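Trainee: Please pick one part of this model and go through its surroundings closely. I would then like to see where it sits relative to the rest of the fold.

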Amino acid sequence: MIVKHRKVPLKIRKLEALLRRLPPAHPKRMEVERELARRLSGYKGEKSLDYYLSFLPEQEFFILHDIRLTEKDYYFQLDTLILSPSFSLILEAKNLSGTLIFDQNFHQLIRIINEKEEVFPDPVQQVKHQQFQFADG
């Protein structure tokens with residue numbers, strides 16, 4: 001059963017509102033457009049999981065989307081948390097195209113697209129850290 005539904009993030013709604021108000025020639029417009037596109041891509045990646053989660057038996061699982069929890073004095077965010085009587089599962093969605101290389105030596109994710117390399121933080125390390133925070137909180 002979905003306990004907390006996924007909503008369009010506030011940051012996306014703010015960026016969309018800002019773009020509606022920015023003149024086309026504004027010097028920061030492209031930067032805002034890129035940030036909005038990046039966040040929309042992430043949101044679409046999270047939403048794409050909903051189809052597969054719909055096959056889980058409702059009476060056996062609790063699904064919470066986009067939750068913010070505390071660990072000591074700090075907050076952390078989980079894309080999706082699935083709870084059952086026997087386990088908890090943290091899902092962290094990424095929506096990246098191109099060739100992805102998980103570099104375990106330097107704990108980073110490398111994306112190659114159009115012969116260009118881009119480096120991202122290691123999502124495996126991200127979830128391990130979230131697991132630690134979830135267990136510790």
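**A close look at one residue**

Mentor: Setting aside neighbours within four places in sequence, R39 is in contact with K11, I12 and L15, where contact means heavy atoms within 4.5 Å. This is a predicted model, in which local features need pLDDT of at least 70 and side-chain atom pairs count only at pLDDT 80 or more, while totals for chains, interfaces and linings use all residues. Residues are numbered from 1 along each chain as its sequence is written, and side-chain values use heavy atoms, with hydrogens and water left out.

R39 lies in helix α2; helices (H or I, at least four residues) and strands (E, at least two) are DSSP runs numbered from the N terminus. R39 counts as partly exposed because its relative accessibility is 31%; buried means under 20% relative accessible area, exposed over 50%, and partly exposed in between (1.4 Å probe, protein chains only). The side chains of R39 and E35 are joined by a polar contact of 2.6 Å. Such a contact is a pair of N or O atoms within 3.5 Å; within protein, one must be able to donate a hydrogen and the other to accept it, and residues adjacent in sequence count only if both atoms are side-chain atoms. Q59 is 20 residues from R39 along the chain, and their C-alpha atoms are separated by 32 Å.

Not counting residues up to four places away in sequence, L15 touches V32, E35, L36 and R39. L15 also belongs to the largest nonpolar core, whose 7 residues are I12, L15, L19, L22, V32, L36 and Y43. A nonpolar core is a set of buried Ala, Val, Leu, Ile, Met, Phe, Trp, Tyr and Cys residues joined through side-chain atoms within 4.5 Å. The elements giving two or more residues to this core are α1 and α2 (29–53). Apart from it lies another core, of 6 residues, among them L64, I67, L81 and I90.

R29 counts as buried because its relative accessibility is 19%. A polar atom of the R29 side chain lies 3.0 Å from the backbone oxygen of L19. With residues up to four places away in sequence left out, R29 touches L19, L22, P23 and P24.

Strand β3 (residues 74–83) and β4 run antiparallel and are joined by 4 bridges; two strands pair if DSSP finds at least two bridges between them. The open sheet here has 4 strands in the order β1-β2-β3-β4, with mixed pairing. β1 (2–4) and β4 (88–91) are its edge strands, each pairing on one side only.

On confidence, the protein has a mean pLDDT of 94, and 99% of its residues reach 70 or more; pLDDT is the predictor's confidence in each residue, from 0 to 100. Confidence is highest in helix α1 (residues 10–21), at a mean of 97, and lowest in helix α3 (residues 123–136), at 92.
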